[in-house]
Amino acid sequence: MIKKRVFIQNTWFSIFKIAVLINGAALAVILFFIVSRGWRAISWEFLTQAPRDSMTAGGILPCIVGTVSLCLVTILVALPIGVASAIYLNEYATQGKLVRVIRLGINNLAGVPSIVFGLFGLAFFCIVLKMGVSVAAGGLTLGLMTLPVIIGASEEALKSVPNTYREASLAMGATKWQTIRKVVLPVAFPGIITGSILGISRAAGETAPIMYTGAVFFTPDLPTSIMDEVMALPYHIYVLATAGTHIEATRHLQYGTALVLIVLVLGMNLAAIILRSKMRKKLRI
Amino acid sequence: MESNIKMHTKNLDFFYGNFQALHTVSIEFTQNQVTALIGPSGCGKSTYLRCLNRMNDLISGIRVEGQAMLDNIDIYDPSIDVVTLRRRVGMVFQKPNPFPKSIFENIAYGLKVNGVKDKAKITEIVEKSLKQAAIWEEVKDRMNDSSLGLSGGQQQRLCIARALAVDPEVLLMDEPASALDPIATQKIEELITELSSKLTIIIVTHNMQQAARISDRTAFFYMGKLIEVNDTDTLFTKPGLKQTEDYITGRFG
Amino acid sequence: MKRQHIDKGVRSGFLLIALFSITALSLIMIFLFIEGLPIFDHVSIKEFIFGKYWYPTDDPADFGILALILGSVSVTFLSGIMAIPLGIMTAIYLAEIAPPTVAEIVKPIVELMASMPSVVIGFFGMVVVAPFIQKLFNIPVGLNMFNASLMLAFMAVPTICSISEDAVFSVPTALKEASFALGATHFETIVKIIIPASLSGICTAVILGLSRAVGETMVVLMAAGGAAMIPGSIFDPVRPLPASIAAEMAEAPFRSEHYHALFAIGIVLFLFTLIFNLIADFLSHKFRQVGEASL
């Protein structure tokens with residue numbers, strides 16, 4: 001009887017392990033194809049020049065610049081609002097209906113589909129606020145999308161600050177705001193930064209929110225103001241692969257752009273993790 | 001009186017990674033007797049107890065050397081089936097941990113998992129176990145209610161009933177009454193005395209009066225070593241070592 | 001006293017900022033409705049939702065989104081069949097079975113899966129998976145429901161896995177020990193004690209994972225085939241709701257019927273995910289994670 005029970009356990013545990021392997025294999029396959037077909041397109045020219053000859057040659061510099069600009073606007077919008085919201089929720093709020101409503105708002109904002117953000121951005125930022133197709137509109141839309149991520153990461157970072165620090169500060173006669181500013185935030189800083197970088201890396205890879213609010217297929221100049229329209233890495237991949245005039249001819253460039261995007265996103269993830277462990281060592285948490 | 005050694009350890013060493021928590025502990029546990037393990041906090045008595053049903057296996061990085069025997073068979077032998085061992089050597093924990101299920105399902109769990117399928121038999125054993133644990137009268141009319149609605153003392157007796165249901169030969173109890181009030185504690189102690197006629201019981205306790213009340217033999221642990229083991233009466237009235245005497249009279253610990 | 005006034009002011013300031021999220025959410029709803037409701041001057045809600053024909057550029061135009069809804073439902077359902085077992089099994093493996101060194105490798109793999117940009121996954125589906133399944137199953141076109149479901153499953157697994165893992169991990173050790181001490185195997189403990197105790201967390205994980213699949217745009221835009229027809233087999237091309245919006249927004253004249261219809265699809269999509277998220281929120285509050293016995 002025991003043998004049967006152990007046999008059942010071992011069989012199921014093997015099935016679990018196969019499930020894990022399937023995930024790993026899927027990831028490996030995708031990475032393999034993107035890297036093996038994309039690395040040949042990578043060159044100094046590719047990264048520093050604008051596209052030529054209907055996108056069949058040249059580089060993706062405007063896309064890189066565009067994505068970076070969008071990310072900058074995103075963080076400028078989402079970071080202050082996100083951290084402030086987290087501070088309220090974790091440091092000031094008391095359990096009650098108001099908090100539940102705020103949390104409901106955050107959770108549901110997190111679940112809004114990316115294309116709906118795009119629609120909203122179009123209707124509100126581009127049209128009502130008259131920003132047109134611009135870095136500002138695109139960045140604001142992405143910022144809204146990234147907000148719940150930053151709030152979540154900041155809240156976690158604030159929660160992990162031991163309460164004894166707060167109590168010690170208050171016991172010395174400091175106000176709550178002084179305590180937050182001088183004691184809590186510095187300790188929570190690594191976690192907040194990590195969360196923000198991870199949030200930005202997600203924003204960098206999104207296409208739907210910027211399709212109609214900030215990104216265009218082609219613009220001859222690099223952006224000079226936040227009211228300019230830009231090219232962007234994810235959008236570039238999409239257009240080249242589906243609507244461009246030379247889909248097959250630009251295939252290698254599509255792979256190359258995808259590779260650059262992945263490297264950018266993964267690079268940011270890695271930077272966030274390294275930064276966090278370095279900062280933690282400094283603060284000796 | 002036939003003196004049958006049910007379980008014993010010989011030179012048992014236990015390591016958490018590089019830290020040695022138990023040093024050459026050798027104790028014999030006579031069948032149908034209550035043995036109490038006493039000693040100050042952190043002396044290793046709970047660790048030792050958990051060696052006897054290999055619960056420590058759940059922690060990674062541990063190492064056991066020496067022998068631990070049930071009926072003269074080494075329970076750490078690779079050919080031993082741990083699952084069967086744990087059915088034969090049951091355990092009651094310090095904080096009551098009933099499953100978030102009905103009272104009936106809590107007791108039935110051990111039976112179902114060990115292969116009992118006959119519904120009538122399960123019901124019969126559930127009732128018998130609850131009676132053995134002296135809690136049947138209090139719960140017989142609410143068998144389908146959640147176990148979490150019981151008081152702390154009742155939950156602990158439920159856990160004892162749950163352990164008894166799978167018909168163990170040895171019952172390990174890790175400070176079973178330390179989280180309970182005095183009246184509940186008394187009930188548990190009466191239960192232990194009654195059960196010892198059929199089971200070998202090994203109980204860890206930090207309460208020396210409790211050890212003196214209910215145990216036949218007592219073992220005194222200190223810093224991972226067995227200092228002294230003897231008949232309870234003897235240990236408490238004429239301790240062999242000064243260290244034991246100091247602990248018993250409250251000079252430390 | 002002055003410091004206390006400042007403190008109160010600061011608190012109100014933070015509260016105001018915290019209300020931003022719910023304000024933004026409300027604004028999104030408002031604008032979706034402002035730009036979407038006008039379509040119902042031309043077509044009834046019933047015709048819109050249950051109409052089988054989506055020909056927005058015809059004259060006269062047809063605005064029935066049933067095919068689009070069924071496209072979304074079928075793709076989400078199919079991806080769920082794949083992602084739910086994969087996600088939950090990986091979660092249990094990580095939380096209960098994996099030795100620490102292996103967990104250190106598997107966790108980053110799942111996180112990597114989560115950070116893959118959706119356009120790259122859609123691109124992969126379009127360019128690599130489509131020709132492959134076209135050959136393998138001998139079908140006319142590789143951009144279809146099956147392809148999109150595969151890619152969506154890849155995106156949903158990390159969500160399902162990480163939330164489930166948290167739930168499984170937080171089951172109190174005392175319950176596990178009680179089960180082991182009764183002579184249960186590890187697997188029996190997982191199935192009979194751990195999973196029931198973490199069920200609400202697992203359900204939340206599944207619902208949020210499916211919600212992600214429903215709302216995902218780029219993958220379905222690039223890999224699902226783009227045919228606004230009711231699917232008959234898993235190898236039929238479909239056009240889920242997000243794909244329709246993204247594909248046609250560019251060609252819909254500003255504030256035309258088509259424009260309003262696309263916003264109306266946005267309303268439907270938004271309501272779908274809103275309901276999903278409210279259910280998940282309800283579940284996680286009503287059935288709080290199980291704890292140990294209390295005294």
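**Chain C: terms and values**

Student: What makes C:Val129 the site of a kink?
Tutor: The bend at a residue is the angle between axes fitted to the seven residues ending there and the seven starting there. At C:Val129, in helix α6 (residues 118-137) of chain C, this kink is about 45°, shortly before the proline C:Pro131. The model is predicted: local features need pLDDT of at least 70 and side-chain atom pairs 80 or more, while totals for chains, interfaces and linings use all residues. Residues are numbered from 1 along each chain as its sequence is written, with chains lettered from A and ligands numbered from 1 in the order in which they are written.

Student: What follows α6(C)?
Tutor: C:Asn138 does, with a positive phi near 55°.

Student: How many residues of chain C are in contact with chain B?
Tutor: Contact requires C-beta atoms, placed from the backbone, within 7 Å. By that criterion, 19 residues of chain C are in contact with 28 of chain B. On this side of chain C, α8 (173-181) and α9 (186-197) are the elements that give two or more residues; α8(C) supplies the largest share, 6 residues.

Student: Which share of chain C is called buried?
Tutor: A residue is buried if 20 or more other C-beta atoms, placed from the backbone, lie within 10 Å of its own. Buried residues make up 53% of the 295 in chain C.

Key
Helix = DSSP H or I, 4+ residues; strand = E, 2+ residues; numbered from the N terminus. Contact = placed C-beta atoms within 7 Å. Buried ≥ 20, exposed ≤ 12 C-beta atoms within 10 Å, placed from the backbone.
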